[in-house]
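Biologist: Could you walk me through the packing in this model? I would like to hear about cores and aromatic rings.

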Amino acid sequence: YIIIIDEINRGNISKIFGELITLIEDSKRMGNDEALEITLPNSSGEKFSVPNNLYILGTMNTADKSIALLDTALRRRFEFEEIMPKPDLLSEDVEGVNLQELLISINKRIEYFYDRDHSIGHAYLIDVKNLKDLKIIFSTKIIPLLQEYFYDDWEKINIILGNNGFIIEKPKFTTADIFNITLPDEFLLEEDKKFFTVSAVEAWNAESFIKIYKKNSEK
């Protein structure tokens, strides 16, 4: 028998397990040398212990900061297995785009600028069947996720996406273009400050995505 608790690190452990937090230990289970049993509340004195054929799986996202605050009692009773993205589950040809290479390249750059715990999972691209699907995933999920990761540092996001047209720089402007008053000096921006935006999705094509993972040496 298997119980799966999703996002276990976000839950209230005392409410999820209660007195069972001790009973789920291997040595405390039914039939073992240190087996324990409790009297179930709201019962007529019924005894209960956890059998050996019960497996408890808890999932969590490594990018979630709340992992650092994970209950110590929970850490002692579980084995931790890291499950990283699996690009090999993705298609190698979606209208000419290799999704495996695409995900590998993006995640290498995220690890370079941030860390490996924030790698993008293959689940984002697993159902991509055509270029239209890929555009939707990038515009509504992947680019917004990168914005969150890098706090709207558009220059880094642009580099991660291959500097090939997904992120474009807005035309230069002066304060006179947007204000009808003279701004005090403390509100003036640096002359080299740049402003970016996401380009029109309609302009993206297969080559736009291929350039993300294509090496400079490739023609």
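Biologist: Are Phe-138 and Phe-209 buried or exposed?

Modeller: A word first: this is a predicted model, where local features need pLDDT of at least 70, side-chain atom pairs count only at pLDDT 80 or more, and totals for chains, interfaces and linings use all residues. Residues are numbered from 1 along each chain as its sequence is written, and side-chain values use heavy atoms, leaving out hydrogens and water. Buried means under 20% relative accessible area, exposed over 50% and partly exposed in between, with a 1.4 Å probe and protein chains only. By that rule, Phe-138 and Phe-209 are both buried.

Biologist: Which residues of the largest nonpolar core touch the most other members?

Modeller: A nonpolar core is a set of buried Ala, Val, Leu, Ile, Met, Phe, Trp, Tyr and Cys residues joined through side-chain atoms within 4.5 Å. This core has 34 residues, and those touching the most other members are Val-97, Leu-102, Leu-125, Leu-134, Phe-138, Leu-146 and Leu-161.

Biologist: Happy to follow that. How many aromatic pairs does a search of the whole structure find?

Modeller: Rings of Phe, Tyr and Trp (its six-membered ring) pair if their centres lie within 6.5 Å; planes under 30 degrees apart are stacked, over 60 edge-to-face, and the rest tilted. Searching the whole structure gives 10.

Biologist: What is the angle between the planes of Tyr-114 and Tyr-149?

Modeller: Tyr-149 is buried at 11% relative accessible area, whereas Tyr-114 is partly exposed at 31%. Their rings pair edge-to-face, 5.9 Å centre to centre, with planes at 85°.
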